[in-house]
Amino acid sequence: MPESTRTTGIAATATATATGSASDADLLAQTAIAVRDAGSALRERFGDVVRYETREELMRALATNDDVALDILRPRLALLRPDARLVEDELAGGALPAGEWWVLDPAEGNVNHLHALPDWAVTATLVRDNQPVLTAVHLPLTGETYTALAGAGAHLDGRPLHVSPTSDLGLSLVATSQARPDEDETVVRRIGSSITAMLFDALVVRTSVPATLHLLNVAAGRIDAFWQFAGARADLLPGALLVTEAGGRISDAEGRPWTPQSESFLAAAPGVHTAAVTTLSR
């Protein structure tokens with residue numbers, strides 16, 4: 001089991017994994033089918049730039065995409081896990097009540113979809129007593145499906161994923177996501193300062209949304225570190241489990257154990273995690 005699994009609590013406990021691995025593995029396979037089907041429906045809507053002139057028009061367009069995917073995901077996941085509740089607010093953060101919850105982002109990178117940009121996905125993550133148990137992330141335009149099961153590794157279409165072996169932040173490609181339009185000014189300024197610090201210390205800094213796609217790349221060893229301040233559960237939980245199961249380290253920006261209540265997030269290859277914490281803490 002990766003060191004980050006033992007130290008951060010991202011994955012389920014060994015006991016839960018040992019007793020539930022077979023059923024959870026089957027559940028993950030069915031979840032992957034559901035996100036692929038939802039992604040196919042969104043792909044049919046993709047192509048032309050969706051024009052809007054007001055915030056209200058933008059929100060309606062975003063909600064329409066969400067509803068197309070949710071109309072597929074909700075009944076499928078309810079059949080798979082009848083007692084699991086569904087997190088309705090994809091932008092919410094913090095801890096969940098005890099029990100099982102589906103954390104969904106039906107159109108992760110929804111604004112990109114509306115602008116005919118390719119960086120968007122469909123995600124579904126099962127959280128059990130505030131620990132992510134499994135996740136499936138589908139990229140409809142490439143046909144790729146990323147999956148992770150607590151204690152059983154992370155995979156891309158069945159192939160194991162491993163984080164980068166990089167040990168030099170100065171040779172690293174790192175990434176972050178921008179603040180929300182209504183984010184607190186302190187958070188916005190902290191993001192700006194962190195980007196400046198990384199521009200001095202890292203090789204290349206990428207800044208874009210959504211967070212999940214950056215985290216897929218960390219899990220696949222293409223990006224060496226990703227950080228974010230604030231953030232929603234649906235933004236971070238899928239990638240957190242994928243990176244952990246691919247051998248990466250998860251913490252907050254100060255190097256402390258990350259939970260959904262944390263005010264910052266860092267996912268990195270083990271060889272650059274400490275250096276990334278030092279840079280972000282300046």
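1. Let me start with Pro75, which is partly exposed at a relative accessible area of 42% (buried means under 20% relative accessible area, exposed over 50%, and partly exposed in between, with a 1.4 Å probe and protein chains only). Pro75 lies in helix α3, residues 55–80 (helices are DSSP runs of H or I with at least four residues, strands are runs of E with at least two, both numbered from the N terminus). Between Pro75 and Ser193 there are 43 Å in space, C-alpha to C-alpha, and 118 residues in sequence.

2. A word on the basis: this is a predicted model, where local features need pLDDT of at least 70 and side-chain atom pairs count only at pLDDT 80 or more, while totals for chains, interfaces and linings use all residues. Residues are numbered from 1 along each chain as its sequence is written, and side-chain values use heavy atoms, with hydrogens and water left out.

3. Now to strand β3, residues 121–128: seven of its eight residues are buried, so the strand is largely enclosed by the rest of the structure. β3 pairs with strand β2 (residues 100–108) in the antiparallel sense over seven bridges; two strands pair if DSSP finds at least two bridges between them. Thr125 of β3 is the bridge partner of Val103.

4. β3 also pairs with strand β4 (residues 131–139), antiparallel and over seven bridges. Here Leu126 has Leu134 of β4 as its bridge partner. Two residues separate β3 and β4 in a hairpin, and Asp129 in the turn has a positive phi of about 50°.

5. Finally, do look at helix α7 (residues 233–245): 13 of its 13 residues are buried. Just after α7, Gly247 adopts a positive phi of about 95°.
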